[in-house]
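Here is a short report on one protein chain. Look over the sequence and the model first, then read on.

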Amino acid sequence: MTEFIKDTAYNTDVDIDALPYVDREIEDADMKTTVERLIEQEMRRMKRKERSDLPSTVELFTHDDVLKQEWERVKNKQPLQALDTERYELKGPSDENDVEGWKAAVNNTKSQLESQAGSMFNLELLSRYGANAWRIHNYQMEKTLATIQKKTELIRSDILDVNRERKNRQTQAASSIHSLENKWSDLITQNLQVELACAALEAEVEDLKRHKQSV
């Protein structure tokens with residue numbers, strides 16, 4: 001990971017001219033204001049797209065019919081259909097002589113008994129094995145968390161190493177850069193002096209020519 005980050009940071013194919021540890025002009029308030037003004041001017045000149053590349057509509061839950069129907073209900077502001085609680089009530093038929101009604105009531109009672117028996121069985125399993133199952137699950141989650149935290153710390157350490165190396169390289173190069181800047185400034189000054197001296201000599205030569213012609 002460290003080598004990958006370093007290779008990416010110092011890839012010679014990428015032209016990066018920013019030297020944040022050397023160029024400190026941006027810390028000056030006037031320079032910062034000037035830079036922000038130039039950026040704002042550049043943004044004004046940028047062409048804006050009248051149409052966005054993003055789609056105007058997005059189809060949600062195309063692979064799930066249940067969620068799609070629920071989304072349509074919410075979008076249309078339709079009320080939620082509450083759970084049917086009557087099926088959990090043990091009621092007899094309104095007509096005591098209704099044989100089919102009594103059969104349905106008996107079947108409903110049997111289904112409720114089976115449901116309660118299943119609930120009791122699940123509660124017994126939960127009380128017997130639930131605590132250990134949750135302990136194992138928590139242990140697995142803690143191991144996963146520890147692994148992720150370790151990888152995160154390694155990546156942070158790699159980033160810090162890259163930043164330290166970058167700062168060290170730029171700091172070492174700062175003296176050479178300043179020396180070259182001073183030499184460049186001296187050469188510019190010398191060139192200006194030479195140009196002024198040449199201009200003065202040319203003016204003197206012209207004066208001598210005019211004086212010679214007048215004599």
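## Overall fold

Helices (H or I, at least four residues) and strands (E, at least two) are DSSP runs, numbered from the N terminus. By that rule the chain has four helices and zero strands. The order along the sequence is α-α-α-α. This is a predicted model: local features need pLDDT of at least 70, side-chain atom pairs count only at pLDDT 80 or more, and totals for chains, interfaces and linings use all residues. Residues are numbered from 1 along each chain as its sequence is written, and side-chain values use heavy atoms, with hydrogens and water left out.

Of the 215 residues, 6% count as buried. Buried means under 20% relative accessible area, exposed means over 50%, and partly exposed lies in between (1.4 Å probe, protein chains only). The chain exposes about 20,300 Å², and carbon and sulfur atoms supply 56% of that area. Accessible areas come from the Shrake-Rupley method with a 1.4 Å probe; for residues, only the protein chains shown count as cover. Among contacts with a separation of 6 or more, 53% join residues 24 or more positions apart. Contact means heavy atoms within 4.5 Å.

## Helix H2 and its cap

Helix H2 covers residues 29-45, 17 residues in total. From first C-alpha to last it reaches 25 Å, close to the expected 24 Å. The expected span is 1.5 Å times one less than the number of residues.

Aspartate 28 caps the N-terminal end of H2. One of its side-chain oxygens lies 3.3 Å from the backbone nitrogen of aspartate 30. This is a polar contact: a pair of N or O atoms within 3.5 Å, where, within protein, one must be able to donate a hydrogen and the other to accept it, and residues adjacent in sequence count only if both atoms are side-chain atoms.

## Around helix H3

A nonpolar surface patch of about 510 Å² is built from Val58, Leu60, Phe61, Leu67, Trp71 and Val74. Patch residues have over 30% relative accessible area and no salt bridge; like charges are joined within 9 Å, nonpolar side chains (Val, Leu, Ile, Met, Phe, Trp, Tyr) within 5 Å. Leucine 67 sits in helix H3 (residues 65-75) and is partly exposed at 39%. Phenylalanine 61 lies in the loop between H2 and H3 and is partly exposed at 36%.

Most residues other than glycine have a negative phi. Phenylalanine 61 has a positive phi of about 55 degrees. Lysine 77 also has a positive phi of about 55 degrees. Lysine 77 is in the loop between H3 and helix H4 (99-214) and is exposed at 76%.

Arginine 73, in H3, is buried at 17%. A polar atom of its side chain lies 2.7 Å from the backbone oxygen of glutamine 78. Arginine 73 touches Gln78, Pro79 and Leu80, leaving aside residues up to four places away in sequence.

Glutamate 153 pairs with arginine 156 at 3.4 Å, and both lie in H4. Aspartate 161 meets arginine 164 at 2.9 Å, N to O. Aspartate 161 is partly exposed at 30%, whereas arginine 164 is exposed at 52%.

Arginine 210 and aspartate 207 form another salt bridge, with closest N and O atoms 2.2 Å apart. Both lie in H4, three residues apart, about one turn of the helix. An α-helix has 3.6 residues a turn, so residues three or four places apart point the same way.

Technical notes:
A salt bridge is a side-chain nitrogen of Lys or Arg within 4 Å of a carboxyl oxygen of Asp or Glu.
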